[in-house]
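Notebook open, model loaded. I want to go through the strands, the core and the metal site in turn.

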Amino acid sequence: MTISRATPALLLVLVFLGGAWLAPAAEGSAPHLRLLSSSPQADTVVGTAPAEIRLVFSEPPQMRGTTVRLVNASEELVATSSAAADPEDARQVFIRPESTLPAGSYTVMWRVIAQDGHTQRGDFDFSVGSTDRE
Ligand SMILES: [Cu+2]
């Protein structure tokens, strides 16, 4: 009687402990590459058109396979330089628009391959404010 009652509970405990034990191993010792910050910052309005768009990752991505695209509010691709790593900090990747960005909202779409081979992607928006004063 006591054994039959204790067994399911014991199994549950073992399953729980097993899961807790396995979870950190599945994640690996280092977290996946992620975007820490950007310039312009996500969801901000900048007063002047940025000469470059810079993304700061948690670790240096593999530049082969890294793309950063800029799309305007009409979902048109904006001409920029291709993504390059900052020579002084390989975690920072930037693109430069080929011409001054007109006022409007933009989406930055990024895709990188981390050193561990995992592809990470994301996007964020920012806006260039009009020169009109409010
Ligand atoms: Cu990974």
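I started with the open sheet: four strands, ordered S1-S3-S6-S5, with antiparallel pairing. This is a predicted model, so I read everything below with that in mind. S1 and S5 (84–86) sit at the edges with a single partner strand each, so one side of each has no neighbour in the sheet. On average, neighbouring strands here are turned by 30° against each other, direction ignored.

Next I zoomed in on the S3 and S6 pair, which is antiparallel over four bridges. Across from Arg54 I found Phe94 in S6.

Then the core. Which residues have the most contacts inside the largest nonpolar core? I got Ile53, Leu55, Val68, Leu70, Val108 and Phe126, out of 20 residues in that core. S3 (53–57), S4 (62–72), S6 (89–95), S7 and S8 each give two or more residues to it, and S7 gives the most, with four. I also listed what Phe126 touches beyond its neighbours within four places in sequence; among them are Pro40, Val46, Ile53, Leu70, Tyr106 and Val108.

Last stop, the copper ion. His32 (ND1), Asp116 (OD) and His118 (ND1) coordinate it at 2.0 Å, and the donor spacing reads H-x83-D-x1-H. His32 is in the loop between helix H1 (2–27) and S1 (35–39), while Asp116 is in the loop between S7 (104–113) and S8 (119–128), so this pair ties together parts 84 residues apart in sequence.

Definitions and conventions: Residues numbered from 1 in each chain as written. Predicted model: local features only at pLDDT ≥ 70, side-chain atom pairs only at ≥ 80, totals over all residues. Heavy atoms only, no water. Donors = N, O, S within 2.8 Å, 3.2 Å for Na, K, Ca; no water. Core = buried A, V, L, I, M, F, W, Y, C linked by side-chain atoms within 4.5 Å. Buried < 20%, exposed > 50% of the residue type's maximum accessible area, 1.4 Å probe, protein only. Contact = heavy atoms within 4.5 Å. Pairing = 2+ DSSP bridges. Axes fitted to C-alpha atoms, helices over the stretch in contact; angles between N-to-C directions.
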